Amino acid sequence: MSPSVRLQEMIRVIRSARTQGEERGVIQRECAAIRAQFRQGDNGSRSHNLAKLLYVHMLGYPAHFGQMECVRLIASPRYNEKRIGYLGAMMLLDEKQDASLLITNSIKNDLSHSSQYVQSLALCTLACMGSAEMCRDLAPEIERLLRASNSYIKKKAALCAVHIVRKVPELGELFTPSARSLLSEKNHGVLHGAVILITELCERNLDTLEQCRKAVPELVQIMKGLVMSGYSPEHNVAGISDPFLQVRILRLLRILGRNNDTASDAMNDLLAQVATNTDSSKTAGSAVLYETVLTIMDIKSESGLRVLAVNILGRFLLNNDRNIRYVSMTSLQKIVQTDHNAVQRHRGTIVDCLKDQDASVQRRALELSLALVSAVNIRSLMKELLLFLSSCPLELRANTTSGIFLAADRYAPSQRWHIDTILHVLTTAGGDVRDETVPNLIQLITTASDLHSYTVHKLYRALVADIQQQSLVQVACWCIGEYGDLLMKGECEETEPVQVTEDDVLDALETVLQSHMSSPATRAFALTATMKLSTRITNNVDRIRSIVSIYGSCIDVELQQRAVEYNALFKKYDHMRAAVLERMPVIDKNSPGHINGDFTAGVKESELVKVKQVEADRPQETNQACDLLGLLGDSDQPWQPSPAQPTTAPSSASTNMGGDLLDLLGGLDLIPAPAVTVYEKNGLSIKLQCDKKMDTGVTVTFTATNSSDNDISSFTLQVAVPKSVQLQMKAPSGDVIPAQGAGHVIQTVLLNNPNKVNLKMRVRVQYSKQGSVCQDMLQIDSLPTPALQ
C-alpha cells in the first residue's frame, strides 16, 4: 500500500487482512507514512492524514502523535480542516493532556466567528473535553451565546453550559438568568437544552432552586402544549409529541415540586392530564407515563393522584415488554410502604409475574409479593409463595425461604399454621434455609405445648420419607428425642395416628447416623435424640447403649466427645440419667444472646428498673477493708459501723465485705470514649465514638457531618471486622447530609467480641457530591477505650 493512499482504500485493505498480524503490519506502515508527512509539513494532505489516524485510533491502536496536528488544524482558517481538527481534539485529547490548553485561544476565537457552523464546532469540543481551567476562561463567551438570536447556536451553548456547571459548579449563577429566559423559546432543541441546564443548576444550588420554582407555571404551559398539541411530523415519535422534551420537563418538575406545597399544587392538574391523555401502548408513551408516576410520588400530590399513579404502574404489569414490567415493580417496591392499600389492588397481577421466565422479573415480583403480605391475606398469599418455592430458580430459593419465614413469624394466624408452613418449606427447600431456621423452629415447637404430639408425628413421617433435607432432619431428630414417648403412644387428634414401635424410631435415627448424606451437625442431633430416648422407652435401652458406644471411637471429634460423655452417663452416673435427659424447658425467644448483636434483648425494662431501684435503696456500707487501701473513700472520715446493719447476720456482712473487696471498681460507671475524627475530606467529616455495653460488647457510633456548600447524597458506610467478632449494623438515620453543618447522619454498629481480640475495623465510605461518586477506604487499627467514672 502506497503512503498516499486514500482513507477509503486504507479501510478496505485493513478489512481484507486475514490475520491480526497482517492488519497490524498494514497499520504500522500507514502510521509511519503519516508521521513522515507530518514532519514534512505537507499542508495539502494534513486533514486526510489525520482522518486516517482517527480511524486507526478507533481500531484501538496508538495515535497520540497526532495531537499537535489537531492543534494546527484547529487554527486553520479553512472549515474542512477545522472540522477534522476539532474531531481529532475530541477523540485524542482530554483535560489531562497539556496540548488541550493550546486550543483554548482557538476555541475562544471561533466562538466569535461569523459562521454558525464554526461556532458549533467550538461549542461541541468545549462541551466534550473542556477542563475546569478552560471552562473558567470561556464561561463568559458561552453566556453571551445563550443570548444569541440563532436557535442553532443557543441549543449547543445550553448543552455546553451544562458541562461547565458540572465541571465548575460555582459558575452556575452566571447562567441562571439566561437559562430561565430560554424557556420562552419555541424551538424544541433550545427548550430541551434549557430544561437540562436548569435541572443541573437546581440540583447543585438551593438558592437557584428557589429562584427556578417561579418558573413552574411556564413549564406547566410548555408541557400542556406538548400534551394537547396535534400531530407534528417534526417532533412526533410513535404518536407522542416530543417525548424526550416531555420526560426532561417532568424530571425538572419533580425537583421543583419536592417538599414544596405551592409548586406541587401548581402541577397537580397537569400531571393528571398527562396521566389520562398519554397512550401507553408504545414505548415512548410508557416512558412519559413512567416519569409522570415518579413525579407524582416524589412531590406533595393529592391522594387521588397517587392512586392514579399506582394504577398506571399496575397497567405496566400487563405489558408484554419485560423491561416495562421490571421497571413497574421496582417503582411499586418503593411506594408499597406509603401506599400499601393502593398497591394491594394489583396483588393478583404481581403474583402472576412470579411465573415469568425472566429471573430479574421473578426476583422483583418476589420482593414485592413479600412486601404485600399482611394479616388479612397471609393464608392466600402464602399459598402462592409456597407454590413458587417448589419451582423457583436455585438462586432465588434462599431469599424466598427467608421471606416466607419472616412473614409467617410476623403474621401467622395460629401456631399450627405457622409450624405447618415452616415444615412445608423445609420439606421443599431444606438445603437453602438460613442457619438460624432450626433453632427458631425448635423454639416455636417448644412453646406450642398442645401441638407436641401433632408435630412429632408429622416430623417422623417426613424423616422416614426423606433424609436429604438436613434442616428438616435436624428438627425431626430433636423432636423425636424430646417427645418420642408421644410418638410411640400414637395419640394424635389433629392427624391420623400411626402405630410406631420403639424399633421403628431407633431404625430411623440409626439410618440418619449411618447415611452419607448426613452432616456432622445432623449426626450430633441424631445421637443426642437416641440418647434421650433411653429414658422414654423401656425395651431397647441396651440397643441404645450399643449405638452410643460405637461412636466413642468416631473420627469426628464432636460425635466422639458426645458418645464418650453419654457412655459415662450410662456407666458412672446412671442414677442421674433420667434427670439429665428430661425434656428441655420452654426456650425464651428473647433470652440474652438469641438475637445477634442486641445485647439487652433478654432483659426486661421492668427488671432493669428494679435492679436500679435496689441499688439506690441499699445503704452505703463503709467497708473497713476497702478503707485500708484508701482508694474509694475519704481517708479523713473515721470508720463507723452502719446502724442499719443487723448484729444477728454476720455472714451477710462478711459476704458484703468480700464482695466489695473483689469489686473495687463496682461503683464506677463507664463513660463513653470521646469522639475521634477518622475521616475528613471534601467537607465530609466522620467521627467515631465507642460505648462499652458489656464485657464483650461494644457500640460504635459513626457521626457524619458536611461543612461544604453542597449537600452530600447516597451516603453509605460499610464495615468489616475480624471473623471472630460478631457485627450487626443498625439502619442509618438517613443517606443525605445537609450542607454547611445543617444536619448529620448517624450509623450505629454493634460489636460482640467473645474472644476479646484486638478490635480492628475497615470502613468503606461512599457518597455522591455534585454529581460525582466518591469512595474511600479507612483502616482503624484501634478503637478509643471508654473511661471510668
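A: Let us begin with a single residue. Glu 367 has a relative accessible area of 30%, so this residue counts as partly exposed. Keep in mind throughout that this is a predicted model.

Q: With which residue does the side chain of Glu 367 meet in a salt bridge?

A: The general idea comes before the case. Side chains of opposite charge can pair when their charged atoms come close. Here the partner of Glu 367 is Arg 364, with 2.7 Å from N to O. Both residues belong to helix α21 (residues 359-371), and because they are 3 residues apart there, about one helical turn separates them.

Q: How many salt bridges does the structure hold?

A: There are 35 salt bridges in the structure. One of them is formed by the side chains of Glu 185 and Lys 154, at 2.3 Å from N to O. Lys 154 sits in helix α9 (residues 151-167) and Glu 185 in the loop between α10 (172-181) and α11 (188-204), so this pair ties together parts that are 31 residues apart in sequence.

Q: Which residue forms a salt bridge with Arg 180?

A: The partner is Glu 218, and the distance from N to O is 4.0 Å. This pair links distant parts of the chain, since Arg 180 is in helix α10 and Glu 218 is in helix α13 (residues 216-228), 38 residues apart. Arg 180 is partly exposed, with a relative accessible area of 26%. Glu 218 is also partly exposed, at 32%.

Q: Now the strands. What is the order of the strands in the open sheet of 5 strands?

A: Again, the general idea comes before the case. Strands of a sheet pair through backbone hydrogen bonds, either parallel or antiparallel. In this sheet the order is β4-β5-β6-β9-β8, and the pairing is antiparallel. At the edges are β4 (676-681) and β8 (726-729), each of which pairs on one side only. From one strand to the next, the twist averages 20°.

Q: How many bridges join β6 to strand β9, and over how many do β5 and β6 pair?

A: Take one side of β6 at a time. Strand β5 (residues 684-692) pairs with strand β6 (residues 697-706) over 9 bridges, in the antiparallel sense. Within that pairing, Gln 689 has Thr 701 of β6 as its bridge partner, and Lys 687 stands opposite Thr 703 in β6. On to β9 (residues 744-752): 9 bridges join this strand to β6, and the two run antiparallel. There, Thr 705 has His 744 in β9 as its bridge partner.

Q: How many of the residues of β6 are buried?

A: Of its 10 residues, 7 are buried, and β6 is mostly covered.

Q: What is the order of the open sheet of 3 strands?

A: The order is β7-β10-β11, with antiparallel pairing. Its edge strands are β7 (712-720) and β11 (772-780), and each pairs on one side only. The twist averages 15° from one strand to the next. Strand β10 (residues 761-769) is joined to β11 by 9 bridges, and Arg 762 has Gln 779 in β11 as its bridge partner.

Q: Which residues form a nonpolar patch on the surface?

A: Tyr 573, Met 576 and Val 580 form one, and together they have about 260 Å² of accessible area. Tyr 573 is placed in the loop between α31 (557-571) and α32 (577-580). Its relative accessibility is 37%, so Tyr 573 counts as partly exposed.

Q: How many helices and strands are there in the protein chain, and what share of its residues is buried?

A: The protein chain has 35 helices and 12 strands. Of its 789 residues, 46% are buried. The accessible surface comes to about 40700 Å², with 50% of it belonging to carbon and sulfur atoms. Among contacts with a separation of 6 or more, 66% are between residues 24 or more positions apart.

Methods:
Residues are numbered from 1 along each chain as its sequence is written. This is a predicted model: local features need pLDDT of at least 70, side-chain atom pairs count only at pLDDT 80 or more; totals for chains, interfaces and linings use all residues. Side-chain values use heavy atoms; hydrogens and water are left out. Patches are made of residues with over 30% relative accessible area and no salt bridge: like charges are joined within 9 Å, nonpolar side chains (Val, Leu, Ile, Met, Phe, Trp, Tyr) within 5 Å. Accessible areas come from the Shrake-Rupley method with a 1.4 Å probe; for residues, only the protein chains shown count as cover. Helices (H or I, at least four residues) and strands (E, at least two) are DSSP runs, numbered from the N terminus. Buried means under 20% relative accessible area, exposed over 50%, partly exposed in between (1.4 Å probe, protein chains only). Contact means heavy atoms within 4.5 Å. Two strands pair if DSSP finds at least two bridges between them. Axes are lines fitted to C-alpha atoms, for helices over the stretch in contact, and angles run from 0 to 180 degrees between N-to-C directions.
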